[in-house]
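Colleague: I have a few questions about how you describe this model. Can we go through them with the structure open?

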Amino acid sequence: MIFTTPANPVKYLDPSWDFRQADTKTFTHCFHTYPAMMIPQVAARLIATYGSPATTLFDPYCGTGTSLVEGNLHHLDAIGTDLNPLARLIAQAKTTPLHLPALDACLKDFADEMFAAMFDIRRVNVAVPTIENLDYWFDKPIQEKLAYLKNFIDQLTDPAIANFFKVAFSETVRACSWTRNSEFKMFRMTAEQIKKFQPDVFGVMQSKLARNRRGLQAFMEQRRDHVSARVYDFNTVKGIPSEIIPPQSIDLVVTSPPYGDSKTTVAYGQFSRLSNEWLGLASARQIDRQLMGGDAAKEIKDFDCAVLNQAIAEIATKDDPRAKEVVAFYEDYRHSIAHVAPVVKAGGVVCYVVGNRRVKGVPLPTDEITQKFFEPHGFAHIETIIRHIPNKRMPSRNSPTNVVGAQDSTMCYEYIVVLRKNL
Ligand SMILES: C[S@@+](CC[C@H](N)C(=O)[O-])C[C@H]1O[C@@H](n2cnc3c(N)ncnc32)[C@H](O)[C@@H]1O
């Protein structure tokens, strides 16, 4: 048993939060996969439970914008930030209503263009962009077709419609590359798999566009006109610009922070690299270093949190550099929380959906650490709901023990930590 409930009634396992049979790809949630996505049902239930009478939701690690979409669907204004440009593009597209007749006109132009191109790809001479290791990840004819798609998108004059196409293009890039699609990190297919791999690039793009068009229409039908969504690229570890989010202006935070640094947990940058490079999004290769815990700490330090200090000391006895990586991550996390806390209104609620991983076999109770980091800023713990994650897709080569394929049983659970700011 990983946890006990009777001793701590505000921390409990609740199977009703598993959402085992739930469709997680409704509305614009279908737009694009991403590592460690929050499931919309969790965001929706948190908003329903704690979002009244909220008007503004903030997600400081918004990823592809799951909580922003749910915020808008529940009639809240939503603000998100993420350092990964691909995540921001997706979050923006998922929360931007479009003029559907204009979108449909572009989709028709696209279908006509692809039909003509099937017979003569060289009708338009499109240069393949310079991307490092392009030939390692894409067959030559695929490169030409992707360049052709990118060229079509570059001609679109409405930036919001262009974003809609870019999101479908990003998934097409990944689906038509020689990366193993079952992995979030970049691993190449085997020679045998490559021989058999003949994706229909234009067909893939068209089916993603059609799927996303349906999701967008459903989103627009439920969303009310007055709500807004804004997606930024500021780093809450460094601060929150007060001209974007003034102090005491947020009613509700619903977020899922990274589990740890990108190098040893989920490699968001690697997952996004091919898309970011094809789309010309900034510094695709630097992302993992910029995310929380990206720069290892120079020394072990003490936190105002006993469970964290004990865990770090134990890891240090086994592997000092790993202990410093853990320090770096939690130091960034602590700074981020210190910057998020003041923008929340008195009486406002923060909901952090976290994972408790192990490093070198030592458990890191991020749920308790989150609570301890918020409390000095005037927050009181309301509850921690533990949910079992059905079908969790974890990076198989990214085990907590560094043993290939080894997985951590604690990562089959998510901890939803809820705190309220004192009045
Ligand atoms: C667990 S994911 C969020 C997934 C999101 N809830 C969704 O459903 O798509 C964590 C995100 O935190 C972002 N991130 C990591 N460090 C960050 C930082 N310092 N500031 C902003 N975002 C950061 C990563 O790029 C990643 O997108």
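Colleague: At what angle do helix α6 and helix α7 pack, and how far apart are their axes?

Modeller: This is a predicted model, and in it α6 (residues 140–155) and α7 (residues 159–175) pack at about 170°, with axes 10 Å apart.

Colleague: What makes α6 roughly antiparallel to α7?

Modeller: Angles over 145 degrees count as roughly antiparallel. The pair sits at about 170°, so α6 is roughly antiparallel to α7.

Colleague: Which residues meet there?

Modeller: From α6 you have L146, L149, K150 and I153. On the α7 side they meet A162, F165, K166, F169, T172 and V173. By class, that contact has seven nonpolar, one polar and two charged residues.

Colleague: Why does the radius of gyration agree with a compact globule?

Modeller: For 423 residues, a compact globule would come out near 22 Å, and the protein has 22 Å, so the two agree. Along the principal axes, the C-alpha atoms fill a box of roughly 70 × 50 × 40 Å.

Colleague: What share of the residues counts as buried?

Modeller: That's 44% of the 423. To count, a residue needs 20 or more other C-beta atoms within 10 Å of its own.

Colleague: And how many helices and strands are there?

Modeller: The protein has 14 helices and 10 strands.

Colleague: Which residues come nearest to the ligand?

Modeller: Y61, G63, T64, T66 and L291, out of 21 residues around the ligand. That shell divides into 12 nonpolar, eight polar and one charged.

Terms used
Residues numbered from 1 in each chain as written. Predicted model: local features only at pLDDT ≥ 70, side-chain atom pairs only at ≥ 80, totals over all residues. Helix = DSSP H or I, 4+ residues; strand = E, 2+ residues; numbered from the N terminus. Rg over C-alpha atoms; globule rule 2.2 N^0.38 Å. Buried ≥ 20, exposed ≤ 12 C-beta atoms within 10 Å, placed from the backbone. Axes fitted to C-alpha atoms, helices over the stretch in contact; angles between N-to-C directions. Parallel < 35°, antiparallel > 145°, perpendicular 65-115°, else oblique. Contact = placed C-beta atoms within 7 Å. Nonpolar A, V, L, I, M, F, W, Y, C, P; charged D, E, K, R; others polar. Near = placed C-beta within 6 Å.
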